[in-house]
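The sequence and structure come up next.

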Amino acid sequence: MVALTLSPTKTLFLNSHLLHSTFKPHFINPYSTKTQSLHSSRFLSFNLVTCKLKSPQDIKNKDKNISKKIVLSEAAPSLAEKGGDGGGGGEGNGNGEVKAKSGGNLMRLVKRFPRKVLGVLSNLPLAIGEMFAVAALMALGTFIDQGEAPDFYFQKYPEDNPVLGFFTWRWVLTLGFDHMYSSPVFLGTLVLLGASLMACTYTTQIPLVKVARRWNFLDSSEAIRKQEYSDTLPRASVQDLGVLLMGAGYEVFLKGPSLYAFKGLAGRFAPIGVHLAMILIMAGGTLSAAGSFRGSVTVPQGLNFVVGDVLGPTGFLSTPTDAFNTEVHINSFYMDYYDSGEVSQFHTDLSLFDLDGKEKMRKTISVNDPLRYGGITIYQTDWSFSALQILKDDEGPFNLAMAPLKINGEKKLFGTFLPVGDAESPNVKGISMLARDLQSIVIYDLEGKFSGVRRPGSKLPIDIDGSRIVIVDAIGSSGLDLKTDPGVPIVYAGFGALMLTTCISFLSHSRIWALQDGTMVIVGGKTNRAKAEFPEEMDRLLDRVPEIVESSRSKEPDKVSG
């Protein structure tokens, strides 16, 4: 058939013999205004005349075909529509083509850039290197004392005796290693690791899940036999196999004689969950390091303090809350002792008041039993001896401040001094009192000789060089640590998700294909885990597939015909 286009909406189909016998085309100048007849009763104007004729030689040599086309239209195109004609049109079109090509190259470059970046970030060696870098920085942060004053690092890492021959205080203070976990180096490494995890998830894990969710039927017996496991059931039905697979927990899909089944798809989602959990942990850790407040205070019994006066920011994300206006009052402080006299536990009775003086909360805290209020946690961490309350010659009471004394060992020792005589004399003398805890006071006379031991509150007097002393009370001080840590819930959630998704990742993603070929069923399958147990599981399933047996009635006609 040959098609002649008479108009934009009409096409005339003619047989080849009619074309050769009755149709005699006249090749005319397309720019001529004259018309010539194709037939005595038809007048058509030709815009462009081409023919596409195939000979036996053209069929053999397709690459050497002479391609021509017959186009019939109502009018010829004007010269202005031709790109190569005209005085300035060719140059303008050339510039337009150059601009279009340069713009296209730029757009292609912009589109390829994110893919290249994703390819670099999802590189496994890079991600492993980032994890080692994070671990090294964390180890270095454990080695270097955190949060100390600059003078501390001047003395510990001097320039005249650098650690390892090069590490001095300049490294610590310049790179922010004195606050490692909120330093730009550490946070930048975490951001890079998080970007690598997200890139790996986007480029690798999500496509794997999409592929695993597809109904992937195999219509070729050769493709099924190439699987990790394959077997043939000589007389079986693919429908019976599907019922057994459904009972074994598989999702089964049938398409004609083909079967596809899978189970354990959650195992494919697990790596994505692991990556998200790790990102959640890093985000929570970053928020804890750069968005927290911390502070310590030692407050004598009976006094109070404002939370906001104690807490200080740890990073650029730290934001105070209304709870910072809370006032904390130390109602009492006391300690528990072992039978040997050593301190076993210490307790502080705290009351929290708002700006209006209304008590909002009260609790007695101890070591490992903190108080939490408005996102602020108050820990019992230390204790001290604030003052000793005494009576002298039935006068007083007087509060003598207790000062910590430096001795060898880790045990605490506190002391105070009660002047006797002229306190303005250059050679003033007095009574010395020492204490290791709040339960007993050791008293020495003017010559420094031991005079006796008294318990606070016993009301038992002691006479020293004409002075009568009664120990009324030992006032202790509570050592408290305060902090806000908004990243803790995020870190806990991340670790919980990490444990859950890690367990899920051990689930095997198994896939099975089957094809009904007459009375024979060809079965194949593979799994990503538990590869040793998978063939045993398949053998047990296939052993349960019922065998198709021909009935005796179906065989009788064959015997009669024979």
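In what sense do strand β26 and strand β27 pair, and over how many bridges? Strand β26 (residues 510–517) runs antiparallel to strand β27 (residues 520–527), and eight bridges join the two.

## Ground rules

This is a predicted model, where local features need pLDDT of at least 70, side-chain atom pairs count only at pLDDT 80 or more, and totals for chains, interfaces and linings use all residues. Residues are numbered from 1 along each chain as its sequence is written, and side-chain values use heavy atoms, with hydrogens and water left out.

Helices (H or I, at least four residues) and strands (E, at least two) are DSSP runs, numbered from the N terminus. Two strands pair if DSSP finds at least two bridges between them.

## The sheet around β26 and β27

Five strands make an open, antiparallel sheet, ordered β7-β27-β26-β9-β8. Its edges are β7 (229–233) and β8 (251–255), each pairing on one side only. From one strand to the next, the twist averages 15 degrees. For a specific pair, L515 has I522 in β27 as its bridge partner.

Helix α13 (residues 533–543) lies across β7, β9, β26 and β27, at about 15 degrees to β7.

## The β19 to β23 sheet

Here, five strands form an open antiparallel sheet in the order β19-β20-β21-β22-β23. β19 (403–404) and β23 (450–454) each have a single partner strand, so one side of each has no neighbour in the sheet.

Strand β22 (residues 441–444) pairs with β23 over four antiparallel bridges, and Y444 sits opposite F450 in β23.

Methods. Axes are lines fitted to C-alpha atoms, for helices over the stretch in contact, and angles run from 0 to 180 degrees between N-to-C directions. Contact means heavy atoms within 4.5 Å.
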